[in-house]
Amino acid sequence: MSSLQSLREKLQAASVEFQKVQLDLSNAVEARQKLDAQLSENELVKKEFAVLTPKNIIYKQIGPVLVKQDQAEAKSTVDTRLNFIRGEITRIEKQLKDIEIVSEKKKSEIVEIQTAIQQHSQLSA
């Protein structure tokens, strides 16, 4: 097998790996966007809770039914959810950085292989 053929196979493999990394990146970005939406929604609920009086009644939807819920319990649930979402955002941010590093390495690898193919082709010509 010629070295040119070997380089082309390496390029193909690196391209496939790069596409997988890009898919991972896309999935992580999508997850981050969903978390942002959840964070905004829960922060809005927390602001609404801040203006409630003890006389206000909170209902929680369970399936098709609205069930009365204790204010302190509802506030605690939202605070817990906010902490969880923020933790997930931190985790996804780290994952995004890691994926971007891998992506850049794959891009560099592809460029190096393409350069080697060009040089090999010029030498053969």
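In this predicted model, Gln69 is found in strand 2, which covers residues 65-69. Gln69 has a relative accessible area of 13% and is therefore buried, since buried means under 20% relative accessible area. Its separation from Ile57 can be stated in two ways: Gln69 and Ile57 are 12 residues apart in sequence, and their C-alpha atoms are 7.5 Å apart in space.

Two packed helices are described by the angle between their axes and the distance between the axes. Helix 1 comprises residues 3-50 and helix 2 comprises residues 71-124; the two pack at an angle of about 160 degrees, and their axes are 7 Å apart. Helix 1 is therefore roughly antiparallel to helix 2, because angles over 145 degrees count as roughly antiparallel. The crossing in which helix 1 passes helix 2 is left-handed.

An unreviewed UniProt entry lists residues 4-48 as "coiled-coil region". In the model, the span of residues 4-48 is 100% helix and 0% strand, and its end C-alpha atoms lie 66 Å apart.

The nonpolar core comes next. The largest nonpolar core has 15 residues, and the elements that give two or more residues to this core are helix 1 and helix 2. Helix 2 gives the most, with eight residues. The residues with the most contacts inside the core are Leu35, Leu39, Phe49, Ile85, Ile89, Leu96 and Ile99.

Glu93 has its place in helix 2 and a relative accessibility of 28%. Glu93 therefore counts as partly exposed, because that class lies between the limit of under 20% for buried and that of over 50% for exposed. Glu93 and Thr80 are 13 residues apart in sequence, and the distance between their C-alpha atoms is 20 Å.

Notes
Residues are numbered from 1 along each chain as its sequence is written. This is a predicted model: local features need pLDDT of at least 70, side-chain atom pairs count only at pLDDT 80 or more; totals for chains, interfaces and linings use all residues. Side-chain values use heavy atoms; hydrogens and water are left out. Axes are lines fitted to C-alpha atoms, for helices over the stretch in contact, and angles run from 0 to 180 degrees between N-to-C directions. Helices (H or I, at least four residues) and strands (E, at least two) are DSSP runs, numbered from the N terminus. Angles under 35 degrees count as roughly parallel, over 145 as roughly antiparallel, 65 to 115 as roughly perpendicular and the rest as oblique. A crossing is left-handed if the near helix is turned anticlockwise from the far one by less than a right angle, and right-handed if clockwise. UniProt positions are given in the numbering used here, feature names are shortened, and annotations may be inferred rather than shown by experiment. A nonpolar core is a set of buried Ala, Val, Leu, Ile, Met, Phe, Trp, Tyr and Cys residues joined through side-chain atoms within 4.5 Å. Buried means under 20% relative accessible area, exposed over 50%, partly exposed in between (1.4 Å probe, protein chains only).
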